[in-house]
Amino acid sequence: MRRGAGIVALIWGINILVLAALLGAVVFYINQQPAQAAFPAPVATQPAQAIFTSEPTLRPLPTVPQLAATPVDRAPATSTPLALTSGRRATIIGLSVSGRPLEVYTFGQGEKKRMIVAGIHGGYEWNTIALADELITHLDGHPDIIPSDVTIYILRNLNPDGEARGHTREGRANGRNVDLNRNFPINWQVDWPRDGCWKDPITGGDSPGSEPETQALMRFIETHPIDALISYHSAALGVFPGGTPWDDDSKRLAQALSDVSNYPYPPVDTGCLYTGTLADFGVAMGAASVDMELSNHRDTDFEINLRVLGVFLNWQR
Ligand SMILES: [Zn+2]
């Protein structure tokens, strides 16, 4: 009997331990339930952490190409902001080969977007840059001349490296000896017959759109859909519509601008083959586009181009 009583006591002991363990498990489970219901956060924190670790604001801006050589803070006086009465400042849409800023001034808030580009041939055509600055200053002081349905962008100098090199023939190319008006990716050629053309050694670039100045303007036009474009040159050949063959809307625009200026349309045909031009790119992007030449390499023809600006702002496609 003593041995039997010991076994019973052992079994009871085990039973009590098992019951106590079960009771503990039940109490633990009951306590856990409201805790999980009240704090669902652990599930949600994981995707939140994943978002924060990507740090999207630290990515480089896609519209600003990598700096090639000279830092922006060493840019010459030509990049000094214009002293405009309104205090308006330019938007920098990219940098030249040598790191000089490419500046766009914006006027108006309408849905029709128009653009004027100056200085594509740099120093040799420096008077187009001077004209752009005069037009910017005029628009800043007379915003009332801009129709309410129009926005106009003025890129005052697409080739600041060429301009910095000198107001001479040597100032035509960019910092890599590329003619920017032959670097756009429409009808592009690295070289072309020189009959009737500029004879100096200069190229269309290593590939279509190879130059940072070209890329910056292409990105701007791709993200700001313009319906009309003037690319200013000098000198004396007239108004060239974009497109091959010439685009109909661009021909109408060329005629309208010629009507209020003394710039000939059709333009003087020297027999030169034009490749990779900004005007052809503008047409390919849906804009009526013209290359327009000032009278000489000295004057801005401001009064003439004020009339041109009035027609351009009010032109109907
Ligand atoms: Zn030119």
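Trainee: Which hand does the crossing of H3 and H8 have?
Mentor: Good place to start, and keep in mind that this is a predicted model. The two helices concerned are H3, residues 126-141, and H8, residues 302-314. Their crossing is right-handed.

Trainee: How are H3 and H8 oriented to each other?
Mentor: Two packed helices are described by the angle between their axes and the distance between the axes. Here the axes of H3 and H8 come within 11 Å and cross at roughly 60°. Angles of 65 to 115 degrees would count as roughly perpendicular and those under 35 as roughly parallel, so H3 and H8 are oblique.

Trainee: Which residues of H8 does H3 meet?
Mentor: Let's begin on the H3 side, where Leu131, Glu134, Leu135 and His138 make the contact. An α-helix has 3.6 residues a turn, so residues three or four places apart point the same way. The partners in H8 are Phe302, Asn305, Leu306 and Leu309.

Trainee: Which residues of H3 are buried?
Mentor: Across the chain of 317 residues, 38% count as buried. H3 has 16 residues and spans 23 Å, close to the expected 22 Å. Its buried residues are Trp126, Asn127, Thr128, Ile129, Leu131, Ala132, Leu135, Ile136 and Leu139.

Methods
Residues are numbered from 1 along each chain as its sequence is written. This is a predicted model: local features need pLDDT of at least 70, side-chain atom pairs count only at pLDDT 80 or more; totals for chains, interfaces and linings use all residues. A residue is buried if 20 or more other C-beta atoms lie within 10 Å of its own, exposed if 12 or fewer, and partly exposed in between; C-beta atoms are placed from the backbone. Helices (H or I, at least four residues) and strands (E, at least two) are DSSP runs, numbered from the N terminus. The expected span of a helix is 1.5 Å times one less than its number of residues. Axes are lines fitted to C-alpha atoms, for helices over the stretch in contact, and angles run from 0 to 180 degrees between N-to-C directions. Angles under 35 degrees count as roughly parallel, over 145 as roughly antiparallel, 65 to 115 as roughly perpendicular and the rest as oblique. A crossing is left-handed if the near helix is turned anticlockwise from the far one by less than a right angle, and right-handed if clockwise. Two residues are in contact if their C-beta atoms, placed from the backbone, lie within 7 Å.
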